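The following note is intended for a colleague who is meeting this structure for the first time. Its points are numbered so that each may be checked against the model in turn.

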Amino acid sequence: MTMTAIAVATPGGPESLQPRTVPLPEPGPGEVLVRVAAAGINYPDVMQRLGRYDPPPGASPLPGLEVSGEIASLGEGVSGHEIGARVVALCNGGGYAEFVTIPSGQVVPLPPGLDLLSGAAIPETFFTVQQTLVMRSGLQAGMSVLIHGAAGGIGGAAIQISRWLGARPIAVVSSEEKADYARSLGASDVIIHTRKDFPEAAKALTGGEGVGRIISIAGGDMLDKNLRALARFGTIIQLAGLDGARSELDIGRLLGRQATIFGSTLRPQSSALKAEIAASLVHRIWPGFAEGRINAPRIAILPLAEAAEAHRRMETRSNHGKLVLVTPWGESLETTA
Ligand SMILES: NC(=O)c1ccc[n+]([C@@H]2O[C@H](COP(=O)([O-])OP(=O)(O)OC[C@H]3O[C@@H](n4cnc5c(N)ncnc54)[C@H](OP(=O)(O)O)[C@@H]3O)[C@@H](O)[C@H]2O)c1
């Protein structure tokens with residue numbers, strides 16, 4: 001049996017993403033096979049395509065970190081999952097495909113109220129934010145959270161999770177259109193960084209105190225600006241190094257702020273930790289979907305075969321919300337639903 005999957009022919013531009021006919025994967029012990037309705041696109045996929053973010057040892061070399069779909073079969077020893085259940089899942093790779101095998105602990109029910117296309121836009125960003133902002137940095141109700149790239153995938157998840165848990169999300173974006181979108185997701189305040197110095201604006205919004213948590217995705221002079229915006233005992237969560245992977249650190253400012261800075265990447269984490277994050281999401285965040293207080297991000301949908309075009313759009317920095325690839329089976333489901 002075969003299926004269509006998107007492969008990276010050779011590292012390079014979007015055109016290096018090409019449909020291939022490959023063998024249908026079989027679930028190993030502890031894995032489930034998911035029939036994919038849709039696959040979400042994330043910036044780390046672009047980095048992988050460029051050859052700058054290699055899959056960890058043992059992971060599929062095919063791109064795609066998140067999917068929605070139905071459970072098609074169960075590997076040996078899997079319990080707690082049923083064939084035919086509608087799910088979303090964090091993949092270790094291989095999500096841009098008609099089928100993908102995934103460790104069972106990374107597969108969770110479709111968030112209540114979402115359809116499969118929107119569901120595909122959830123796992124990678126929600127797992128990342130839940131692990132870093134909630135579980136590791138200990139986000140508490142009442143804290144202010146400054147969110148860079150707030151109209152993107154990670155940013156949108158950070159706004160919604162912060163808001164749901166009673167924190168105050170302050171969005172940083174580049175345009176009025178993105179500001180409107182960030183507000184629609186629940187941002188309490190929005191700073192348009194192309195018009196205002198964001199550290200000054202963040203201080204003004206917090207009565208001079210600074211913010212308790214910062215989700216940062218850029219390097220260069222962003223680290224110093226973030227420290228200027230941070231409250232005493234605050235934490236900077238560094239998720240990427242856009243605009244340069246090196247920064248100069250003002251140690252005096254770090255000490256004065258009693259600050260914590262940590263970095264994290266989701267993909268190389270163990271299956272055990274990913275399963276722990278999954279359980280935490282279902283327990284703490286899925287009720288927000290059930291109550292209609294967390295909503296699906298805005299999605300732009302393209303056919304699986306047009307993965308290259310989806311990457312082009314992501315790289316122009318013009319898109320807001322999430323990009324999603326739909327399989328032929330996913331398309332047929334949505335049109336008959
Ligand atoms: N560490 C992890 O575990 C992890 C997991 C997933 C993603 N990431 C990383 O997180 C970042 C965001 O991913 P995503 O999927 O949310 O991407 P996305 O949907 O494309 O959103 C990125 C947003 O970041 C802003 N941005 C783009 N280039 C920037 C730059 N050079 N400096 C500052 N801001 C910039 C843009 O907003 P404005 O135009 O409004 O500024 C854009 O809307 C990526 O770098 C990705 O690799 C890390």
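1. In this note, two residues are said to be in contact when heavy atoms of theirs lie within 4.5 Å. With neighbours within four places in sequence left aside, Ser 216 is in contact with His 148, Met 222, Asn 226, Ile 236, Ile 237, Gln 238, Leu 239 and Ala 240. The model under review is a predicted one.

2. Ser 216 belongs to strand E11, which covers residues 211–218. Its relative accessible area is 0%, so Ser 216 is classed as buried. One of the contacts named above is also polar: the side chains of Ser 216 and Gln 238 make a polar contact at 3.4 Å. Glu 177, by comparison, is 39 residues from Ser 216 in sequence, and the C-alpha atoms of the two are 21 Å apart in space.

3. As to annotation, the unreviewed UniProt entry records "domain: Enoyl reductase (ER)" over residues 12–325. Across residues 12–325 the chain is 31% helix and 28% strand.

4. The aromatic residues deserve a separate point. How many aromatic pairs does a search of the whole structure find? The search finds 2. In one of them, Phe 126 and Phe 289 have ring centres 5.7 Å apart and planes at 40°, a tilted arrangement. This pair links distant parts of the chain, with Phe 126 in helix H3 (residues 123–136) and Phe 289 in helix H9 (residues 271–290), 163 residues apart. Phe 126 and Phe 289 are both buried.

5. Phe 289 also pairs with Trp 286. Their ring centres are 5.5 Å apart and their planes meet at 80°; because an angle over 60 degrees counts as edge-to-face, the pair is given that description. Trp 286 and Phe 289 are 3 residues apart in helix H9, and therefore about one helical turn separates them. Trp 286 is buried, as is Phe 289. Taken together, ring pairs join Phe 126, Trp 286 and Phe 289 into a cluster.

6. Arg 257 is buried but has no salt bridge, and Asp 224, the nearest side chain of opposite charge, is 8.2 Å away. What lies 2.9 Å from a polar atom of the Arg 257 side chain? That position is taken by the backbone oxygen of Leu 230. Leu 230 is also among the residues that Arg 257 touches beyond four places in sequence, the others including Lys 203, Arg 228, Arg 232 and Phe 233.

7. His 311 lies in helix H10 (residues 307–315). Is His 311 buried or exposed? With a relative accessible area of 0%, His 311 is buried. Residues up to four places away in sequence aside, His 311 touches Pro 14, Leu 17, Ile 41, Asp 45, Val 46, Arg 49 and Tyr 96.

8. Helix H10 also holds Arg 313 and Glu 309, which are 4 residues apart, about one turn of the helix. Their side chains meet in a salt bridge at 3.3 Å, N to O. Both residues are partly exposed: Arg 313 has a relative accessible area of 35%, and Glu 309 one of 29%.

9. The count of salt bridges comes to 14. One of them is formed by the side chains of Lys 322 and Glu 66, at 2.6 Å, N to O. This bridge links distant parts of the chain: Lys 322 is in strand E15 (residues 322–326) and Glu 66 in strand E4 (residues 66–74), 256 residues apart. Lys 322 and Glu 66 are buried.

10. Arg 195 and Glu 176 form another salt bridge, their closest N and O atoms being 3.2 Å apart. Arg 195 is in the loop between strand E10 (189–192) and helix H6 (198–205), whereas Glu 176 is in helix H5 (residues 176–185), 19 residues apart. Arg 195 is exposed at 59% relative accessible area, while Glu 176, at 35%, counts as partly exposed. A network of salt bridges links Glu 176, Asp 180, Arg 183 and Arg 195.

How values were computed:
Residues numbered from 1 in each chain as written. Predicted model: local features only at pLDDT ≥ 70, side-chain atom pairs only at ≥ 80, totals over all residues. Heavy atoms only, no water. UniProt positions renumbered as here; feature names shortened; annotations may be inferred. Helix = DSSP H or I, 4+ residues; strand = E, 2+ residues; numbered from the N terminus. Phe/Tyr/Trp six-rings, centres within 6.5 Å; stacked < 30°, edge-to-face > 60°. Buried < 20%, exposed > 50% of the residue type's maximum accessible area, 1.4 Å probe, protein only. Lys, Arg positive; Asp, Glu negative; His and termini not counted. Salt bridge = Lys/Arg side-chain N within 4 Å of Asp/Glu carboxyl O. Polar contact = N/O pair within 3.5 Å; in protein donor to acceptor, adjacent residues only side chain to side chain.
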